[in-house]
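Morning, everyone. I have one structure to show today, and I will keep it brisk. Have a look at the screen first.

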2 protein chains.
Amino acid sequence: MTYQSINFKNKLSLFSEQWTPKVIAEMNDYQFKIVKIEGDFVWHNHADTDETFIVLEGQLRIDFRDGNVNLSAGEMYIVPKGVEHKPYAEKEVKMLLIEPRGVLNTGDEDASEITAVNDVWI
Amino acid sequence: MTYQSINFKNKLSLFSEQWTPKVIAEMNDYQFKIVKIEGDFVWHNHADTDETFIVLEGQLRIDFRDGNVNLSAGEMYIVPKGVEHKPYAEKEVKMLLIEPRGVLNTGDEDASEITAVNDVWI
């Protein structure tokens with residue numbers, strides 16, 4: 001029997017909309033989500049969990065209240081829980097997020113109009 | 001203040017030995033480890049946790065008792081907890097493992113001579 005690996009490029013080719021994380025895998029109670037973003041997000045934080053960003057294509061900047069971090073393809077960064085952050089991409093960036101099942105993209109922020117539907121698989 | 005991203009290629013350039021996972025980051029109680037392997041490992045399983053494999057360079061095959069999965073760079077696979085598996089690489093493969101802190105490379109197998117020292121950061 002041949003099992004199927006998960007190919008990031010293939011999964012990314014299945015949608016074009018931005019700011020809508022899609023779940024591609026689960027490890028225990030953690031989810032792997034791919035997402036395309038461009039422009040500025042809102043300041044938010046996740047009070048109960050760290051959040052992992054891995055850039056697959058493009059360039060991402062994550063702003064913090066006291067600075068920022070720049071990520072290119074092949075780089076990762078883990079935002080510690082409770083730390084306010086704001087992802088930004090001048091051009092579209094494609095990335096992999098890893099976080100516990102149930103975490104919303106806007107964290108604890110009251111920003112329902114930009115809160116993505118959760119737990120959408122692709 | 002400029003924070004530093006974690007670059008997989010840079011981290012991989014810091015060591016050459018095989019079969020010795022090095023921790024590069026922690027998200028909550030999970031660790032991200034890079035490792036280089038070549039050849040055949042032992043059959044083992046992790047009774048209490050899934051295990052994530054992401055291939056960074058090269059080709060990996062994971063054998064199961066009833067089949068296998070092939071992974072190239074840019075692909076991932078999650079081995080469910082309790083499932084016996086044996087990683088294999090004809091040529092050296094460089095990969096990222098994600099699993100809870102404290103998980104040993106040989107799982108529940110009694111194979112102390114090939115069990116890597118745990119929690120080594122790079």
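Where does S5(A) lie? Find the loop between β1 (2–3) and β2 of chain A; S5(A) is in that loop. Before going on, a reminder: this is a predicted model.

For the model, ipTM is 0.95 and pTM is 0.95.

Back to S5(A). Is this residue buried, exposed or partly exposed? S5(A) has 19 C-beta neighbours inside 10 Å, so it counts as partly exposed. A residue needs 20 or more to be called buried.

Strand β2 of chain A covers residues 6–7. It is joined to β8(B) by 2 bridges, and the two strands run antiparallel. Which residues face each other? I6(A) stands opposite M76(B). N7(A) has E75(B) as its bridge partner.

Stay on β8(B). It has another partner, this time in chain B. Strand β5 of chain B, residues 51–57, is joined to β8(B) by 5 bridges. These two run antiparallel as well. One of the pairs is F53(B) with Y77(B).

Which way do the residues of β8(B) point? E75(B), Y77(B) and V79(B) go one way. M76(B) and I78(B) go the other way. In a regular strand, side chains alternate between the two faces of the sheet. Here, the residues on both sides are buried. That makes 5 of 5 buried in β8(B), so this strand is largely enclosed by the rest of the structure.

Now zoom out to the interface. How many residues take part? 27 residues of chain B contact 27 residues of chain A. On the chain B side, at least two residues each come from β1 (2–3), β2 (6–7), α1 (8–12), β3 (22–27), β7 (67–72) and β8 (75–79). The largest share is from β7(B), with 5 residues. By class, that side has 12 nonpolar, 11 polar and 4 charged residues.

How do the two copies relate? Rotate chain B by 180°, with 0.0 Å of shift along the axis, and it superposes on chain A at an RMSD of 0.0 Å. That is the relation of a two-fold axis. And 100% of the interface residues of chain B are also interface residues in chain A, so the copies meet through the same surface.

Last, the fold of one chain. Chain A holds 1 helix and 9 strands. From the N terminus, the order is β-β-α-β-β-β-β-β-β-β. Its C-alpha trace spans about 50 × 30 × 25 Å along the principal axes. A compact globule of 122 residues would have a radius of gyration near 14 Å, and chain A agrees, at 14 Å. Buried residues make up 33% of chain A. Among contacts with a separation of 6 or more, 66% link residues 24 or more positions apart.

That's it from me.

Conventions:
Residues are numbered from 1 along each chain as its sequence is written. Chains are lettered from A and ligands numbered from 1 in the order in which they are written. This is a predicted model: local features need pLDDT of at least 70, side-chain atom pairs count only at pLDDT 80 or more; totals for chains, interfaces and linings use all residues. Two residues are in contact if their C-beta atoms, placed from the backbone, lie within 7 Å. Helices (H or I, at least four residues) and strands (E, at least two) are DSSP runs, numbered from the N terminus. Ala, Val, Leu, Ile, Met, Phe, Trp, Tyr, Cys and Pro count as nonpolar, Asp, Glu, Lys and Arg as charged, and the others, Gly among them, as polar. Two strands pair if DSSP finds at least two bridges between them. Copies are superposed by least squares on the C-alpha atoms of residues with pLDDT of at least 70 in both. A residue is buried if 20 or more other C-beta atoms lie within 10 Å of its own, exposed if 12 or fewer, and partly exposed in between; C-beta atoms are placed from the backbone. The radius of gyration is taken over C-alpha atoms; the globule rule is 2.2 Å times the number of residues to the power 0.38.
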